[in-house]
Amino acid sequence: MTMTEEEPTPADVDSDQDVISRILAGERDAFAMLIGRYSDPLYRHALGMTGSPDVAEDILQTSFIKAYHHLGEVRGRFDAWLFRIVANGCKDWLKNIRRTHLSYDEDDQPSTFASPDEDLDRTELRQDLDSALAQLAPSLREAFIMKHVEGRSYEEMADLLGTTVGALKMRVHRAREALQTLLEEKYD
């Protein structure tokens with residue numbers, strides 16, 4: 001089997017700019033390609049920031065609608081531009097929400113633990129971590145999630161957020177320290 005039989009080569013895949021040009025020329029259905037390309041990582045980011053599958057889905061949907069209406073304004077990389085729309089949507093939601101902790105729907109998180117006691121410990125730890133994450137400033141939470149949940153490099157994070165690697169390293173460091181302090185209060 002050759003590579004082209006298994007997966008498309010970069011030459012076979014339309015670049016984001018080519019797709020945008022087609023959309024702006026009136027081929028509105030081409031936007032589905034961009035949605036398919038970026039939905040999963042952007043949803044995971046929104047879920048990590050909000051802790052709610054429903055809110056993450058709403059932010060993603062609103063962000064894609066906003067992106068569609070402003071495609072003519074894209075300068076530079078579309079994925080970074082779209083990421084900023086989603087990230088700003090998450091930050092706006094966080095500013096407006098008045099909850100003290102986040103919670104993941106357990107149905108969305110398959111258990112890998114064997115015993116009910118271990119599953120209970122996992123649930124309690126997740127709730128404690130969610131609560132600690134919810135207490136972080138949005139910029140610290142975002143940096144922590146991008147680095148430790150999404151597994152992004154500092155260079156990629158800097159590109160997506162429009163800041164420096166040094167600033168992001170400091171945010172991640174401060175987030176880790178704050179989480180450690182918050183969790184130590186609970187477990188000491």
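1. Let's start at D14, which counts as partly exposed because its relative accessibility is 28%; on this scale buried means under 20% relative accessible area, exposed over 50%, and partly exposed in between (1.4 Å probe, protein chains only). You will find D14 in the loop between α1 (3-6) and α2.

2. A word on what you are looking at: this is a predicted model, in which local features need pLDDT of at least 70 and side-chain atom pairs count only at pLDDT 80 or more, while totals for chains, interfaces and linings use all residues. Residues are numbered from 1 along each chain as its sequence is written, and side-chain values use heavy atoms, with hydrogens and water left out.

3. Back at D14, its contacts (heavy atoms within 4.5 Å) beyond the neighbours within four places in sequence are V19, R22, M33 and R37.

4. For the overall picture, the chain has 9 helices and 0 strands. Helices here are DSSP runs of H or I with at least four residues, strands are runs of E with at least two, and both are numbered from the N terminus. Of the 188 residues, 36% count as buried. Among contacts with a separation of 6 or more, 58% come from residues 24 or more positions apart.

5. Next, look at helix α2 (residues 16-24) against α3: the two pack at an angle of about 145°, and their axes are 9 Å apart. Axes are lines fitted to C-alpha atoms, for helices over the stretch in contact, and angles run from 0 to 180 degrees between N-to-C directions. On the α2 side the contact uses D16, V19, I20, R22 and I23, and on the α3 side F31, M33, L34, R37 and Y38. These residues divide into 7 nonpolar, no polar and 3 charged; Ala, Val, Leu, Ile, Met, Phe, Trp, Tyr, Cys and Pro count as nonpolar, Asp, Glu, Lys and Arg as charged, and the others, Gly among them, as polar.

6. Helix α3 (residues 31-50) also packs on helix α5 (residues 78-96), at an angle of about 30° with axes 10 Å apart. That makes α3 roughly parallel to α5, a label for angles under 35 degrees. The contact has 13 nonpolar, 2 polar and 1 charged residues, including L34, Y38 and L42 of α3 and F78, L82 and W93 of α5.

7. Finally, helix α9 (residues 165-187) has 23 residues and reaches 32 Å from first C-alpha to last, close to the expected 33 Å, a span taken as 1.5 Å times one less than the number of residues. Its buried residues are L168, V172, A175, L179 and L182.

How values were computed:
Angles under 35 degrees count as roughly parallel, over 145 as roughly antiparallel, 65 to 115 as roughly perpendicular and the rest as oblique.
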